[in-house]
Amino acid sequence: MDGFDSELARLRAQIARSEQLSARLRDLYPRREQLAAQEEELREKRVDEQEDVDRLEAKSLARYFFTLTGSLDERLDRERAEAREAAVRHDALLEELRDVEEDIAESESELAGLRGCEQQYDELIDRKAEALKRSGSPLAGRLRDLEAQSAMLVRRQRETEEAIRAGQEAYGAAEDVVRALSGASTWGMVDMFSDSFLADMAKYSRIDEAQRAMERLRVALRRFDTELADVGGGIDVRVESFLGFADVFFDNIFTDLAVSSRIQNSLASARETERRIELSLNRLGALRADCLSERERFEAEYESLVERA
């Protein structure tokens, strides 16, 4: 295995250098942007200060005024000093900016030459692992176990991420329901106390929005339930009873007060649904983090066993 080991050591060194260069560039890029912005300001300042000097040195109204007051030399000396200071500060920043740009160019060039070292390292680890398993090494069984466990975690992480995407869609639909019902509730109160045709129209417009949003939520919740079943989790939302809330909106038997009461009940249920979806998303997020942590642990053990063999 000596041939594998020397090449692995070389690739490990390249990976470490690649990470170092990437970290350096993450610091250098914003520094370059900051310096570029400062350079523009100092360049404008330098031009302005030099223009002040030029106006006093030329035949200008400013020169004539300061000559009459007897303060031309004093004013000119001050303007020249300010112009020199602006030029020095600008030149110093230009030098720093050039240095940063050179450092970026060198780091990017070296990093480009190291591109692919991580993939080569992974491929070499796989080749050495296969050689170990073919050789009948005592580590072969453990390597196969780690591979199986890692594959299971990859599958579970993928299923969890699919459930999270479905849950986020359901949460967005629940937000739309809450927003529409809140609007319907507000206009319902206005309608009760004002008996306004416009308020009545606004209320039923929000009710229409709520019904459409509930239909979207119906689809999103069912999709979320399907994805959660793949993960093996559950969501504490009674979809059937929630979907029945839309039935009250177009029942002309009820008075405004009764309709408003039904709207309030539906709004409370919609908010509870939104809260439960959020709790499920939090659990799924924790599960995804656990999967990732376990995968990293298995992969680290796998690499360590293969390297040391």
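These notebook entries record what I looked up in a predicted model.

**Entry 1: salt bridges.** I counted 13 salt bridges in the model. I then examined the one between the side chains of Arg 24 and Asp 103, with an N to O distance of 3.7 Å. Arg 24 belongs to helix α1 and Asp 103 to helix α3 (residues 72-114), so this pair ties together parts that are 79 residues apart in sequence. I noted that Arg 24 is partly exposed, at 31% relative accessible area, and that Asp 103 is partly exposed as well, at 25%.

Entry 2: I found Arg 98 and Glu 95 in a salt bridge at 3.0 Å, N to O. Both residues lie in helix α3, 3 residues apart, about one turn of the helix. Arg 179 and Asp 176 form a salt bridge at 2.7 Å, N to O, and both are in helix α5 (residues 140-194). I recorded Arg 179 as exposed, because its relative accessible area is 52%, and Asp 176 as partly exposed at 27%. Salt bridges link Asp 176, Arg 179 and Arg 216 in a network.

**Entry 3: helix α1.** I located Ser 22 in helix α1. Its C-alpha is 7.6 Å from that of Leu 111, although 89 residues separate Ser 22 and Leu 111 in sequence. On the surface I noted a patch of negative charge formed by Glu 40, Glu 41, Glu 44, Asp 48, Glu 51 and Asp 54. Of these, I placed Glu 51 in helix α1 (residues 2-57); Glu 51 is partly exposed at 38% relative accessibility.

**Entry 4: cysteines.** I counted 0 disulfides. Cys 117 is buried at 0% relative accessibility, and Cys 291 is buried at 2%.

Conventions:
Residues are numbered from 1 along each chain as its sequence is written. This is a predicted model: local features need pLDDT of at least 70, side-chain atom pairs count only at pLDDT 80 or more; totals for chains, interfaces and linings use all residues. Side-chain values use heavy atoms; hydrogens and water are left out. Patches are made of residues with over 30% relative accessible area and no salt bridge: like charges are joined within 9 Å, nonpolar side chains (Val, Leu, Ile, Met, Phe, Trp, Tyr) within 5 Å. Accessible areas come from the Shrake-Rupley method with a 1.4 Å probe; for residues, only the protein chains shown count as cover. A salt bridge is a side-chain nitrogen of Lys or Arg within 4 Å of a carboxyl oxygen of Asp or Glu. Lys and Arg count as positive and Asp and Glu as negative; His and the chain ends are not counted. The place of a charge is taken as NZ of Lys, CZ of Arg, CG of Asp or CD of Glu. Helices (H or I, at least four residues) and strands (E, at least two) are DSSP runs, numbered from the N terminus. Buried means under 20% relative accessible area, exposed over 50%, partly exposed in between (1.4 Å probe, protein chains only). A disulfide is a pair of cysteine sulfur atoms within 2.5 Å.
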